[in-house]
Amino acid sequence: MTTMMMIRSTANLTEYLTPTLKSTKGNFSSHGGFGVSVSQFSRRRFLNPSRVFAVSDINKLVKEFDPKIPLERASTPPSSWYTDPQFYSFELDRVFYGGWQAVGYSDQIKESRDFFTGRLGGVEYVVCRDDNGKIHAFHNVCSHHASILASGNGKKSCFVCPYHGWTYSLSGSLVKATRMNGIENFALNEMGLKPLRVAVWGPFVLLKVTQARSRKGEDESHDALVASEWLGTSVGKLSEGGVDSPLSFICRREYTMDCNWKVFCDNYLDGGYHVPYAHKGLMSGLNLETYSTTIFEKVSIQECGGGSKAGEDGFDRLGSQALYAFVYPNFMINRYGPWMDTNLVVPLGPRRCKVVFDYFLDPSLKDDEAFIKRSLEESDKVQMEDVVLCESVQRGLESQAYDKGRYALVEKPMHHFHCLLHQNLKL
């Protein structure tokens with residue numbers, strides 16, 4: 001999904017600890033109207049206490065990309081957005097810790113006492129369903145001495161810290177604190193797990209890292225509210241495409257790549273530009289002349305018709321229509337034929353990420369082992385081709401020969417992604 005630190009407000013905000021961010025070129029455009037004041041920013045909490053950075057330097061880097069310039073004349077963000085360690089730390093807080101994040105699927109917590117864990121940036125989390133059927137999410141950190149409580153997934157009746165045996169209920173309350181007799185000003189009800197906001201939409205489990213709060217008379221995890229905030233007006237289009245239809249979970253596969261998380265997103269969002277050159281096998285099953293893109297508030301949807309019929313053996317993985325939805329900032333939903341796969345891009349550092357693929361299938365085919373095996377093999381081939389591409393791009397971004405690039409007209413989803421990043425990153 002950690003300890004948190006505060007960039008302290010001081011009389012002189014230009015005071016900071018090194019190292020500082022460096023602009024790639026040193027030439028910055030300037031425009032005002034930022035939505036968050038510097039004084040507000042100075043009071044924000046940041047994850048990753050080993051990195052303190054200059055607000056002014058970050059602001060300069062962010063302003064190297066101008067979302068007001070139309071795609072036809074725009075340059076891409078500078079390479080430093082993809083390589084600088086301090087920019088990465090800043091980005092985690094501004095991009096990942098404020099909005100809904102897809103972290104799993106509902107079948108992982110289908111029954112009471114089911115749980116799963118994960119990590120987002122510096123946030124360790126655990127999601128579970130208690131004995132009353134209610135879903136909870138918490139920071140996966142013991143309140144005693146910060147040990148990680150649970151790992152992996154499975155079933156538990158409670159969470160027992162492996163360090164000193166402190167025990168928490170599935171609703172987060174501390175029910176047992178070993179060897180604490182005689183300790184003054186200690187109350188079990190004040191030492192429970194720190195909650196996170198959690199919701200479910202369709203097959204997806206979502207988290208918000210911002211502190212969980214309940215508003216009087218309103219359930220913050222209400223499906224309609226979550227759908228509106230997470231997906232905006234794209235909900236109808238996604239539902240029409242079968243994204244929230246009942247499907248059977250098949251398997252999970254993970255790919256670790258030596259590239260910044262945004263490189264993988266950019267590759268996904270190039271409007272099919274790279275498909276004829278890098279995915280010739282996939283290309284044979286698509287009709288790129290039908291490729292279309294629809295932009296929503298925080299979602300872009302790319303659609304493409306199938307280019308071939310089922311083979312002589314009846315095998316048809318892609319079907320007649322494919323839908324590729326990108327949900328800002330790091331989640332992809334791919335619906336094609338009887339399949340749906342989701343891609344969750346997990347940042348692991350400025351030059352490293354993990355992409356988690358979850359595969360779902362029409363229930364009528366869930367026992368067709370030959371079809372599943374062949375489909376997954378074809379999908380894996382495409383993913384490995386993308387790994388090569390993304391790692392190559394990362395090496396190029398680190399080259400002195402490259403600073404900024406340009407967009408092709410088909411790369412509208414990528415430009416939209418960069419504009420949303422700028423909106424989160426500006427001070």
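**The second largest pocket and its context**

Modeller: Helix α10 supplies five residues to the lining of the second largest pocket, the largest share from any element. The model is predicted, so local features need pLDDT of at least 70 and side-chain atom pairs count only at pLDDT 80 or more, whereas totals for chains, interfaces and linings use all residues. Residues are numbered from 1 along each chain as its sequence is written, and side-chain values use heavy atoms, with hydrogens and water left out.

The volume of this pocket is about 500 Å³. Its lining consists of 21 residues, and those closest to the centre are Asp266, Val393, Tyr402, Glu411 and Met414. Two or more lining residues come from each of α7 (261-268), α10 (369-397) and α11 (412-425). Sorted by class, the lining comprises 11 nonpolar, six polar and four charged residues.

The terms are as follows. On a 1 Å grid over the protein atoms alone, a pocket is an open set of points with protein on both sides within 12 Å along at least five of seven lines, a cavity is a set where a 1.4 Å probe fits but cannot get out, and lining residues have an atom within 4 Å of a point. A volume is the space filled by probe spheres set on the points. Helices (H or I, at least four residues) and strands (E, at least two) are DSSP runs. Ala, Val, Leu, Ile, Met, Phe, Trp, Tyr, Cys and Pro count as nonpolar, Asp, Glu, Lys and Arg as charged, and the others as polar.

The second largest cavity holds about 60 Å³ of space. Strand β3 gives four residues, the largest share of that cavity's lining. At least two lining residues come from each of β3 (101-105), β18 (339-349) and β19 (352-361). Among the residues around the cavity are Ala102, Val103, Gly104 and Tyr105, together with Phe204, Arg252 and Phe331. Thr342, Leu344, Val356 and Asp358 also line this cavity. The division by class is seven nonpolar, two polar and two charged residues.

As for the cysteines, the structure contains zero disulfides, a disulfide being a pair of cysteine sulfur atoms within 2.5 Å. The closest cysteine sulfur to that of cysteine 353 belongs to cysteine 259 and is 3.9 Å away, too far for a bond. Cysteine 353 is buried, at a relative accessible area of 0%, where buried means under 20% with a 1.4 Å probe and protein chains only. Cysteine 419 is likewise buried, at 18%.

Definitions and conventions:
Buried < 20%, exposed > 50% of the residue type's maximum accessible area, 1.4 Å probe, protein only.
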